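Reader: I am new to this. Can you take me through the terms, one at a time?
Author: Gladly. Here is the model.

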Amino acid sequence: MDTKEKEIGERWRPDTLLERTLHWLEEQQGALTGEVERISATVEQSRREADLAERLAAAERELRR
């Protein structure tokens, strides 16, 4: 068996495949977590904007009185 065949054999060993799969899953989890954090930040920002718009409307009503 030459070096290239040995490398191919190593790559396809079950423990190597499991490690590669685990590494890929960890990367995907990180990507998903980042997406959730961005969605949460967007929702929070929308809530703050709505609160500020409400306060502005209330202040304008007070000034008209």
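Reader: Why is Arg 55 called exposed?
Author: Exposed means over 50% relative accessible area, buried means under 20%, and partly exposed lies in between (1.4 Å probe, protein chains only). Arg 55 has 55% relative accessibility, so Arg 55 counts as exposed. This is a predicted model: local features need pLDDT of at least 70, side-chain atom pairs count only at pLDDT 80 or more, and totals for chains, interfaces and linings use all residues. Residues are numbered from 1 along each chain as its sequence is written, and side-chain values use heavy atoms, without hydrogens and water.

Reader: What makes Asp 51 partly exposed?
Author: Asp 51 stands at 35% relative accessibility, so Asp 51 counts as partly exposed.

Reader: How do you know that Arg 55 and Asp 51 meet in a salt bridge?
Author: A salt bridge needs a side-chain nitrogen of Lys or Arg within 4 Å of a carboxyl oxygen of Asp or Glu. Here the N to O distance is 3.5 Å. The pair qualifies.

Reader: What separates Arg 55 and Asp 51 along helix H2?
Author: About one helical turn, because they are four residues apart in helix H2 (residues 14–64).

Technical notes: Helices (H or I, at least four residues) and strands (E, at least two) are DSSP runs, numbered from the N terminus.
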